[in-house]
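Work through the exercises below with the sequence and model at hand. Try each task before reading its solution.

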Amino acid sequence: MNQSNILKAQSPAALAEEYIVKSIWSHHFPAGSDLPAERELADIIGVTRTTLREVLQRLARDGWVSIQHGKPTRVNNIWETAGPNIIHTLISLDTSITPTIISNVVSLRTRMGEYFIPEAIKTDHQASTLLLKDLDQLQDNAQAYAEFDYKLYHDFTFIANKPVYGLILNSFKDLYLKTASLFFSNPNSRQLSFAFYQALRTACETNDAQKAVECLAMSRQRSTEIWALMLKNLPSNFGE
């Protein structure tokens, strides 16, 4: 792989990680193949073997490679071994997949919420209502809305006794917030969402899970229309 394709890194470890990840993504090191021996790879990248080992351990945790004791390090098929924590890296590697990833994140958040939010209301509508007690003080800016939305959905998972959904949200929190901030940068999105939060609060107060189902479905439909327009004009620095 051409070293000129590697962005300027802040440390030897960052340089090594970027070189290996880009080499895997570009199929210079294809899935199922073995990485060069440690000494050779360290020399190619220009880092120490100690630094390289640390990087390989981190890449193994993220699913890029599998370290085999006494054998060469094997390159994985990331679509079979990696988790949501590499999504930000994928966007930086190939911006053309950004719309697909954003659509997936939005769909995951929305569809999961349509399941666990009504369950939360059925389980404890008073605790659910408390999640929206500060709604009227919500500041009218993208960051405030993004943080409010994430915390709302995250906290609903635990009231619903669906902690695995909370852990799933944890796994891509940064991307969730970045995606939400983009959505809420549109004033129409904030207006739509505030009305949705109000309707959801009423459903919680009245212990009406079916009403929550209806307002969640309506919010999904209207949000999809806004996203369809926004995805056509994504900011070029979204993945940074």
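**Exercise 1: Two crossing helices**

The axes of helix 8 (residues 142–159) and helix 10 cross at roughly 130° and come within 8 Å. This is a predicted model, in which local features need pLDDT of at least 70, side-chain atom pairs count only at pLDDT 80 or more, and totals for chains, interfaces and linings use all residues. Residues are numbered from 1 along each chain as its sequence is written, and side-chain values use heavy atoms, with hydrogens and water left out.

Task: classify the crossing of helix 8 and helix 10, then find the residues that meet.

Solution. 
- Step 1. Know the terms. Helices are DSSP runs (H or I, at least four residues), numbered from the N terminus. Axes are lines fitted to C-alpha atoms, for helices over the stretch in contact, and angles run from 0 to 180 degrees between N-to-C directions.
- Step 2. Apply the angle classes: under 35 degrees is roughly parallel, over 145 roughly antiparallel, 65 to 115 roughly perpendicular, and the rest oblique. Helix 8 is therefore oblique to helix 10.
- Step 3. The crossing of helix 8 and helix 10 is right-handed. The rule: left-handed if the near helix is turned anticlockwise from the far one by less than a right angle, right-handed if clockwise.
- Step 4. List contacts (heavy atoms within 4.5 Å). Helix 8 contributes residues including Tyr145, Asp149 and Tyr153. Helix 10 contributes residues including Tyr176, Ala180 and Phe184.

**Exercise 2: Rings**

Task: which kind of aromatic pair do Phe183 and Trp227 form?

Solution. 
- Step 1. State the rule. Rings of Phe, Tyr and Trp (its six-membered ring) pair if their centres lie within 6.5 Å; planes under 30 degrees apart count as stacked, over 60 as edge-to-face and the rest as tilted. The count comes to 13 aromatic pairs.
- Step 2. Phe183 and Trp227 are stacked, at 5.3 Å centre to centre with 20° between the planes.
- Step 3. Phe183 is in helix 10 (residues 173–184) and Trp227 in helix 12 (residues 209–230), 44 residues apart.
- Step 4. Check burial (buried: under 20% relative accessible area; exposed: over 50%; partly exposed: in between; 1.4 Å probe, protein chains only). Phe183 counts as buried because its relative accessibility is 6%. Trp227 is buried too, at 8%.
- Step 5. Widen the view. Ring pairs link Phe183 and Trp227 with Tyr145, Phe148, Phe184, Phe196 and Tyr197 into a cluster.

**Exercise 3: The two faces of helix 2**

Task: which residues of helix 2 are buried, and which exposed residues lie on the face turned away?

Solution. 
- Step 1. In helix 2 (residues 38–45), Leu41, Ala42 and Ile45 are buried.
- Step 2. They cover an arc of only 100° around the axis, so they sit on the same side of helix 2. The arc is that of the directions from the helix axis to the C-beta atoms.
- Step 3. Arg39 and Asp43 are exposed on the face turned away from the buried side.
- Step 4. The cover over the buried residues includes helix 1 (12–25) and helix 3 (49–62).
- Step 5. Gly46 follows helix 2, with a positive phi near 90°.
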